[in-house]
Structures are given as C-alpha cells and as structure tokens.
Amino acid sequence: MSPSVPLQEMIRAIRSARTQCEERGVIQRECAAIRAQFRQADNGGRSHNLAKLLYVHMLGYPAHFGQMECVRMIASPRYNEKRVGYLGAMMLLDEKQDASLLITNSIKNDLAHSNQYVQSLALCTLACMGSAEMCRDLAPEIDRLLRASNSYIKKKAALCAVHIVRKVHDLGELFAPAARSLLAEKNHGVLHGAVVLITELCERNTETLEKFRKTVPDLVQIMKGLVISGYSPEHDVAGISDPFLQVRILRLLRILGRNNETASDAMNDLLAQVATNTDSTKTVGNAVLYETVLTVLDIKSESGLRVLAVNILGRFLLNNDRNIRYIAMTSLQRIVGTDHNAVQRHRGTIVDCLKDQDASVKRRALDLSLALVSASNIRSMMKELLLFLSSCPPELRSQAASGIFNAAERYAPSQRWHIDTILHVLTTAGGDVRDETVPNLIQLITNQSELHCYTVNKLYRALLTDISQPSLVQVACWCIGEYGDLLLRGECQDTEPVQVTEDDVLDALETVLQSHMSSPATRGFALTATMKLSTRITDNVDRIRSIVSIYGSCIDVELQQRAVEYNALFKKYDHMRAAVLERMPVIEKNSPGHTNGESAGEVVREIPAVKVKPGDALLPQQPANQVCDLLDLLGASEEPPRPGPAAGGAAPAPAAGGSSSSAGGDLLDLLGGLEPAPLTPATVYDKDGVTLTLSSEKQSDSGLTVTLTASNATDSDISSFTLQAAVPKSVQLHMKAPSGDALPARGAAKVTQMVVLNNPNKVNLKMRLRVSYTSRGSNVQDTVQIDSFPGH
C-alpha cells in the first residue's frame, strides 16, 4: 500500500488484515506517511490525511501527533479544511490538553463569521470540548447568538449554552433572559434547545426556578399545540407530533410544578389531556405517557389525576415489552407508600410478573409485591409469595425470605399461621435466611405455650424429612430439647397422631450430629438438645451420657467444651442437672426502652432457670432466695464467685417504709457510729433533665456506702422512679429503701437511695445502674456504668 492511498483503500486494507500484527503493520506505515506529509509546508491533502488519522484514532491507535494539524486546519479559510479540523479537535482534544487553548481565538472569530455553517462548526466544537476558561471567554458571544435571527444558529447556541452552564454555574444568569425569549419561537429545534437550557438553569439555581415558574402558561400552550395539532410530516413520529419536544416540556413542567400548588394547578388540565389523548399502542406514545405519569406523581396534582397516572402504569404492566413493564413497576414502587389503594387495584397483574422469565422484572415484582402486603390480603399474598419462593432464582431467595418474615410478623392473622409460614420458608429456603431468623423464631415459639406441642411435632417431622436446611434443623433441635416430653406423649390434637419413642428422637438428633451437612453451630444445638432430653426421658439416659462423652474429644473447641461441662453435670453435679436443664422461661422480644424479659417500670424478677453457657455448668447453684444478676449486665467478673447468702450482685429496692434487714446488714453497720466528712457528690447521669449524683463513704477495708440522689429539672412531674443496681458477682450488694418514687418538676424535691457494698475479695469495683421512670405518660429506661467511686 503506497502512502498516498485514499481513505477508502486504507480502510479496505485494514479490514483485510488476517492478524492483528498485520493490521498494526498497515497502520504504522500509513501513520508514518501521514507524519511525513504533515511536515511539508505546501500540502494539498491535509484534510485527506487528517481524515485517515481520525479513522486510526477510532480504532484505538495513538493519533496525538495530529493535534497541531487540527489547530492549523481550524485557522484555515477553506471550509472543507476547517470542517475536518473542527472534527479532529472534537475527537483528539479535550479540556486537559494545552493545545485546546490555541483554538479559543479561532472559535471566537468563527462565531462572528458571516457563514452560518462556519458558526455552527464553532458552536458544536465549543459545546463538545470547551473548558471552563474557554466558556468564560466565549459566553458573551453565545449570548449574542441566542438573540440572532437565524433559527439554525439559535438552536445550536442554546445547546452550547447548556454546556457552558454545566461547566460554569455562575454564567447561568447571563443566559436566562435570552432563554425566556426563545419560548416565543415557532421553530421546534429552537424550542427544544430553549427547553433544555431552561431545565438546566432551573436545576442549578432555585432563584432562577422561581423566575421561570411564570413561564408555565407559555409551556402549557406550546404543549397543547403539539397535542391537538394535525399531521405534520416534519415532526410526526409514529403518529405523535414531535415526541422529543413533548418529553422535554413535560420534564420541565415537572421541575416547575414540584412543591408549588399554583404551577401545579396551571398544568393539571394539560396533563389530563395528554394522558387521555396519547396513543399507547406505539413505543413513542408510551414514552410521552411515561413522562406524563412521572410529572403527575411529582407535582401537587389532583387525586383523580394521580389515580389516572397509576392506571396508565397498570396498562404498562400488561405490555409485552419487558422494559416497559420494568419502568412501570419501578414507578409504582416509588408511590406505593402514598397511593397504596390505587396501586392495590393492580395487585393481580403485579403478582403475575413474578412468573416473568426476566430476572430484573422478577426482582422489581418481588419488591412491589412485598410492599403491597397488608392485613386484609396477607393470606392470599403470602400464598403467592411462598409459591414464588419455591421456584425463584437463588439470588432472590434471601430477599424473598426476609420480606416474607417481615410481612408475617407485621400482619399475621394468628400465631399458629405465623409459625406455619416461617416453618414453610425454612423448609423451602432454610439456607438463605438471615442469621437472626433462628433466635426470632425461637422467641416466637417460646411465647406461645398453647402451640408448643403442635410446633415440636411439626418440626420433628420436618427434621426427619430434610436435614439440609441449617436454620430449620437448629430450631427443630432447640424445640425437641425444650419440649421433647410433649413430643413423646403424642397428645397433640392439631396434628395427625404419631407415636414417637425415645429412641426415635435420639436417632434423629444423632443423625444431625453425625451428618456432614451440619455445621459446628448446628451440632451445638443438637448436643444441647440431647443433653436437655436427659431430664425429660427416663429409659435412655445412659445412651445420652455416651453420646455426650464422645464429643469430649471433638476437634471443635466449642463442642468439646460443651461436652466436657455436660459430662461434669452427669458426674460431679448430677444433683443440679434437673435445675440447670429446666425449660427456658418466656423470652420477651427486645424493644427500645426495654430489656429482654422485662418491661419498663418492673423490678427484676428471679429467673427460675438459667441457660447453660460454656464455663457455667460447673458453678455451684445459688440459693433460691437470692436474686440473679441484673440480666448479667456486667458479664463475668474477674474473680471467681463465692457461694454465700449475699452472693450474686443485684437486688430490687424494697418499697418505701418496708423492712430491709439482711444477713450481712448488721455486719456492715459495725462502724456506723463513725461519720467521716462527706465528699463532693459526682454527677453520674444527666439526660433529658434527670440528674443522678453519687457520693460514697468508706466504712471499712471492704465496705462502702453509696448515696444516690436524683433530681428532675424538667417542667413535668416524674413518677414510678426506680433505681436498680448490678455489681460483679464477688461483691455483696444491699439496697436500702428509697426516700420516694416521685420527682416533682423543676427540682422541687429529690429522691435518695442508699446502697451498701461489701467487697471482700478487693476486686476492681464497678457498678451499673438502671434508671426507670414515667414521664408524660411514657416509660423511660436507661443504664449508666460507674467505674470509679469518690472516696474509695
């Protein structure tokens, strides 16, 4: 191939190359020839060579050496060279290149040229690659061209002004007057450019937005003219008059009518007219209708108009085009919270979209279906969602299961239905549910004592059927361990009676323990369930002992620790086994201002049975008349606990005026006659107007008396004020009667509480307080940690 071949022959040679290496060779030879001709002073084929270089650039090969040739050709007086030069500048230059600054003067000169096509080249180049400096320098020229008489130039200048506004926001005010005047033009190209420019100005500046709200009537008239106009061959697209301009005007109306009732009222009739008169059988008409719907839903429109918009989206759901169905569901998802009833009318169509083959459509249909679930349709919707869950793609299973759980929790018609629904999900997609599903379901089952027999029978059958779903297996093992005696009785009236023996139950749990599909956490559930059954059955205790002993040498440290502790319960602490493995108490769900198992304003109650934790099985049983730690707020202390009449750490304050004597109370009063000077109280709690101060007096090497004083600085009275305390287990605590339980407003009176601490082991003393009270009819509960005591 000779260096002087035409562009067409170069393209043909490149395409005929059989390998990439051969293609590179052709391009390298041609680029060398182009470079040589660029160096010649008198080169008649400059535009020809630059055109070939631009094609090389389009193929991805370096063509930067042609940048200066572009600058020279832009300055040429010949139109054909100037045209190729501007094209090369748009492709080879950008605002980061220093060479782009060299064409600023040429562009300015061409903007004042007498030929409209030369002006157009300069406008297009500036709109394509103009830097912020170029835009500032040439903005006055663009403003001048916006007021020109030539429509061809005005539409190009309007789009160039859009680029300038995006680059330099401050220049928007310069173009606002000219943009306003362009709305009076009849040329559709000018109108389109004007609407785009006004849209950009309104999005950038709120003051400009307020000014252009006055143009809403003009925009409405332009839009009406497009809707009711007859056939125009210049602008007609599939029977719609200039749909591109219509879409642009609707977008601008949406911006102008947002959060403004006056502007919204002015366009309501127009939007209704567009929504009813636009043909929806063609894609072009659907595009206009979609923009109309978005505008109706975004402005302060009438309720009837919003229903019409939702109905249009409902028609979109029936369209064969998946893209249209997708955008319809996306739009309905945005408004389901505000127009729930209107969207509910299309529930059947939305549910049908769950069966679509497209994954994106399925995901949108799932989101919208879950949002449509309510108390009135929970049964029918859940039936469809469970059917979808059984066949949905793996990537949607987790989302579907989570949504079903949330909907069932909010709208369950009965607790049995709630449990059945969750068990169905665990059976279908137990491996895709979230981690909190297991404790949530256990809490739900625990609270429904009348359903314990029904639930354990159903879970036992599910466990026999499938042990591959980890969440289902964990819940089933927990229930069998807790309610295995109910399972063995076979007295459940709600299920088909099946006689279950002790060996059957233990066989099922051993299957879980030995299965390769069971994780260490699942085996932990099964091992604990097996251990708990030792107090619920009578004939197979030796078998349980042998099962537990096997895992005393398990490679998993957690299972090994559990097995060792359970073996110790069988041997050294067999007299405690029944108490330690008692049935778990009712578990109350955590909520703001509440703690697990306790409601605001209540004192801490004794917990009849404590769940065995690693490290707890070998501890001696505390006396029954002692109150447990305040829900173990402080966790395990540094020192080992010592059994004794005052071991444990927390006690509720007795009622005012009641007796508060205890076994160690008199001993702690040995030095009561000595009253050292009190230290300055320290503020330990100050929140929402309630202040709690602490002062302490050392009574002996191990004794400390703490005085807590509460005050109320708010404007309303506080009632039911109580304080509860927790300390490490080796510290003995005794709370005396408070001075009262009411805090008057504005600090009119205070409540004091005396706390006596005995620290015989000299551990690092710390205390956690729970503050509970009722203010303005609502219960408030908070905790505070105290790590240091004045005077100690």
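A nonpolar core is a set of buried Ala, Val, Leu, Ile, Met, Phe, Trp, Tyr and Cys residues joined through side-chain atoms within 4.5 Å, where buried means under 20% relative accessible area (exposed is over 50%, and partly exposed lies in between, with a 1.4 Å probe and protein chains only). The model on screen is predicted, so local features need pLDDT of at least 70 and side-chain atom pairs count only at pLDDT 80 or more, while totals for chains, interfaces and linings use all residues. Residues are numbered from 1 along each chain as its sequence is written, and side-chain values use heavy atoms, with hydrogens and water left out.

Begin by selecting Ile-142 and Phe-175, which touch the most other members of the largest nonpolar core, a set of 183 residues. Helix α27 (residues 470-489) gives this core its largest share, twelve residues; helices here are DSSP runs of H or I with at least four residues, strands are runs of E with at least two, and both are numbered from the N terminus. Around Phe-175, leaving aside neighbours within four places in sequence, the contacts (heavy atoms within 4.5 Å) include Ala-139, Ile-142, Leu-146, Val-165 and Leu-201.

Next, select helix α7 (residues 116-129), whose 14 residues reach 20 Å from first C-alpha to last, close to the 20 Å expected at 1.5 Å a residue; the expected span is 1.5 Å times one less than the number of residues. Among the buried residues of α7 are Val-118, Gln-119, Leu-123 and Met-129, and what covers the buried residues includes α5 (79-92), α6 (104-111), α8 (132-146) and α9 (151-167). At the start of α7, a side-chain oxygen of Asn-115 comes to within 2.8 Å of the backbone nitrogen of Tyr-117.

Move on to Ser-264, found in helix α15 (residues 261-277) and buried, with a relative accessible area of 0%. Its side chain reaches the backbone oxygen of Asn-260 at 2.7 Å, and, neighbours within four places in sequence aside, Ser-264 is in contact with Gly-257, Ile-299 and Lys-300.

Finish at the open sheet of three strands, ordered β6-β9-β10 with antiparallel pairing, where two strands pair if DSSP finds at least two bridges between them. Its edge strands, each pairing on one side only, are β6 (718-726) and β10 (778-786). Strands β6 and β9 (residues 767-775) pair over seven bridges in the antiparallel sense, and Gln-724 has Arg-770 in β9 as its bridge partner.

How values were computed. Polar contact = N/O pair within 3.5 Å; in protein donor to acceptor, adjacent residues only side chain to side chain.
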